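Have the viewer open and follow along.

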Amino acid sequence: MMTFSTKRVPIVRSNQNRRKFLKIASGLLSAPFLSLQGSQVRASTNPPLRFLTIMDSYGISEVDRRETWVSSMVGDYELTDDSLGTILAPLSNYRDNMLVVSGLKLDSSLVMNDAATHDRLTAQALCGSRTQDAGVGSTATQHHASLDVHIGQYLSESYGLAFPRVYPHVFVSDYSEPTKTTFCFDTQGNQIRAISGVGNIVNTLFGSSEDAQTMLLDTRSQQLVLDLVNERLQSVRGELVNANAATVLDAYESSVDDLATELELRANLQCTTPDTTGAPSNNQKNESSTAYIFSAIYEAFACDLASSITYAIGGETINQLRYGFLYDEELYNDGDLQSLLNKNLHAASHRNDAAADKVHELVRTYQAGRIAELLDKMSTTPDVDGSMLLDNTVIFVTSAMSHNTHKRGDYCHLLLAGSNTNLRGGFHYDCSGSTNNDLLTTIANGLTLPDTSFGGYNASGNRLDELNQGPITKMLRS
């Protein structure tokens, strides 16, 4: 039995905060009794899993993929440094976490003959279903939540006994375009819209930190609650003589011990509000926003604020960022390449030539470097269960189209999976013969969701069974 301090720490709060505090405190006091039934109740032993989706609207050039992506896209094989192309090379330190997927088409979009527009391709990539048109001038609707929202909701409901995360799912981007939306929806049928711009993202996640801290409880308040619980236990125990009551109290003590352990771990969380000094203003097509948004994502996970985050790089549906800084005059003597890099990435997406292919290679390699920096921090930051953040995380790197000019075949997908997830990293997987719906099901299973299928609905709401063959089991640990 853990020994608690009896020292009282004065807490000064507004009436509103006090009401919030008492509500959560009462949950702490009552939670262990909810389903005792004569046996001990322990705090959740599930790893505090989380999900990050990183989507650029443009895919990987089909030219020279053996040099830029992986050495071979045929068959399943163990990854080596030599098998990683220029785009994946920055992630070589995390080769054992990598699941490189080849051979998939956007089957749901092709089978349903859905329009290959940016918004619909994004919806198909994350939902595996056709949007339902509501008429001219009206908002389309989706028949179910997108994968990122579905996973976030599940993880928020299944993780933890008394300390829910503030956000089941957050959708962020560098740039917003009100007329271009993803057509993805949450579990209540509300259309998902991005929080755009570094300032807006940081203010949403951390600016209203009073609510976040109240939900999570500051360490002093948590300790006070546990002190009060312990005093109540000691005063009541001596009055009880029958075995059943003693068993209930033992269970209560065990639950309090588990809560105390969780609080001790939370007290050691290494999280701060991101530093936005020098960040571009909101809704600017400035590539420097990328690093700041990755920093905000890291801190949100380090603070255990969110279960699922989706980052649409450069815009909700179209990457509008400019990447002129990637042009190296010592390496290149190509005015066309320099001109394309100085324009937003959409300009290169409608060209199929050497300069456009090089633009996408350079941009994707740059993005991989930012992801590698995120992994470096997550691999050395403790999570609330004592593991590292990376151990409990799955990162899905995908795109709305497989290549320029809105192509929907032969996608390059990348997953980065922590050791406490159910995904088997360190391999290239040839998934030809499976569907994109099967991949979405597999990702859900990798985060312990019990799904046997995902999506496959047409505009009328009819489910097309041929799009769902089940999870791709070779990618799963069990």
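## A charged pair on one helix

Glu-373 is partly exposed, with 40% relative accessible area. Keep in mind that this is a predicted model. Glu-373 makes a salt bridge to Arg-370, and the closest N and O atoms sit 2.7 Å apart. How far apart are Glu-373 and Arg-370 in helix H13? They are 3 residues apart, or about one helical turn. Arg-370, for its part, is buried, at 17% relative accessible area, which is under the 20% cut-off.

## Salt bridges elsewhere

Searching the whole structure turns up 16 salt bridges. One of them joins the side chains of Asp-81 and Arg-95, at 2.9 Å from N to O. Both residues lie in the loop between strand E2 (77-78) and strand E3 (98-104), so the pair ties together parts that are 14 residues apart in sequence. Asp-81 is partly exposed at 45% relative accessible area, and Arg-95 also counts as partly exposed, at 24%.

Then there's the salt bridge between Arg-351 and Asp-336, whose side chains meet at 2.6 Å, N to O. Arg-351 lies in the loop between helix H12 (346-349) and helix H13 (354-378), while Asp-336 is in helix H11 (residues 335-341), so parts 15 residues apart in sequence get tied together. Both count as partly exposed: Arg-351 has 25% relative accessibility and Asp-336 has 36%.

## Rings around Tyr-366

On the aromatic side, the whole structure has 6 aromatic pairs. Tyr-323 and Tyr-366 form one that is edge-to-face, with 6.2 Å centre to centre and 70 degrees between the planes. This pair links distant parts of the chain, with Tyr-323 in the loop between strand E6 (306-312) and H11 and Tyr-366 in helix H13, 43 residues apart. Which is it for Tyr-323, buried or exposed? Tyr-323 counts as buried, at 2% relative accessibility, and Tyr-366 is buried too, at 12% relative accessible area.

Tyr-366 also pairs with Phe-325: their ring centres are 5.0 Å apart and the planes meet at 75 degrees, so this pair is edge-to-face. Phe-325 lies in the loop between E6 and H11 and Tyr-366 in helix H13, so the pair ties together parts 41 residues apart in sequence. Phe-325 counts as partly exposed, at 40% relative accessibility. Put together, ring pairs link Tyr-323, Phe-325 and Tyr-366 into a cluster.

## Nonpolar packing

In soluble globular proteins, nonpolar side chains tend to be buried together. Here the largest nonpolar core has 80 residues, and Trp-69, Leu-88, Leu-91, Met-98, Ile-309, Tyr-323 and Leu-414 are those with the most contacts inside it. Which element gives the most to this core? That would be H13, with 12 residues. A separate core of 26 residues lies apart from it, with Leu-99, Cys-431, Leu-439 and Met-475 among them.

Zoom in on Met-98 and you'll find, beyond residues up to four places away in sequence, contacts including Leu-79, Leu-84, Leu-88, Leu-91, Leu-414 and Phe-427.

## Loop residues to check

Most residues other than glycine have a negative phi. Asp-64 is not a glycine, yet has a positive phi of about 60 degrees. Asp-64 sits in the loop between strand E1 (50-56) and helix H2 (65-68), partly exposed at 48% relative accessible area. Phe-183 likewise isn't a glycine and has a positive phi of about 60 degrees. Its place is the loop between strand E4 (167-173) and strand E5 (195-196), where Phe-183 counts as buried, at 13% relative accessibility.

Ser-176 is found in the loop between E4 and E5 and is buried, with 19% relative accessible area. A polar contact of 3.3 Å joins its side chain to that of Ser-196. Setting aside neighbours within four places in sequence, Ser-176 touches Ser-196, Asn-283 and Glu-316.

Conventions. Residues numbered from 1 in each chain as written. Heavy atoms only, no water. Helix = DSSP H or I, 4+ residues; strand = E, 2+ residues; numbered from the N terminus. Buried < 20%, exposed > 50% of the residue type's maximum accessible area, 1.4 Å probe, protein only. Salt bridge = Lys/Arg side-chain N within 4 Å of Asp/Glu carboxyl O. Core = buried A, V, L, I, M, F, W, Y, C linked by side-chain atoms within 4.5 Å. Contact = heavy atoms within 4.5 Å. Polar contact = N/O pair within 3.5 Å; in protein donor to acceptor, adjacent residues only side chain to side chain. Phe/Tyr/Trp six-rings, centres within 6.5 Å; stacked < 30°, edge-to-face > 60°.
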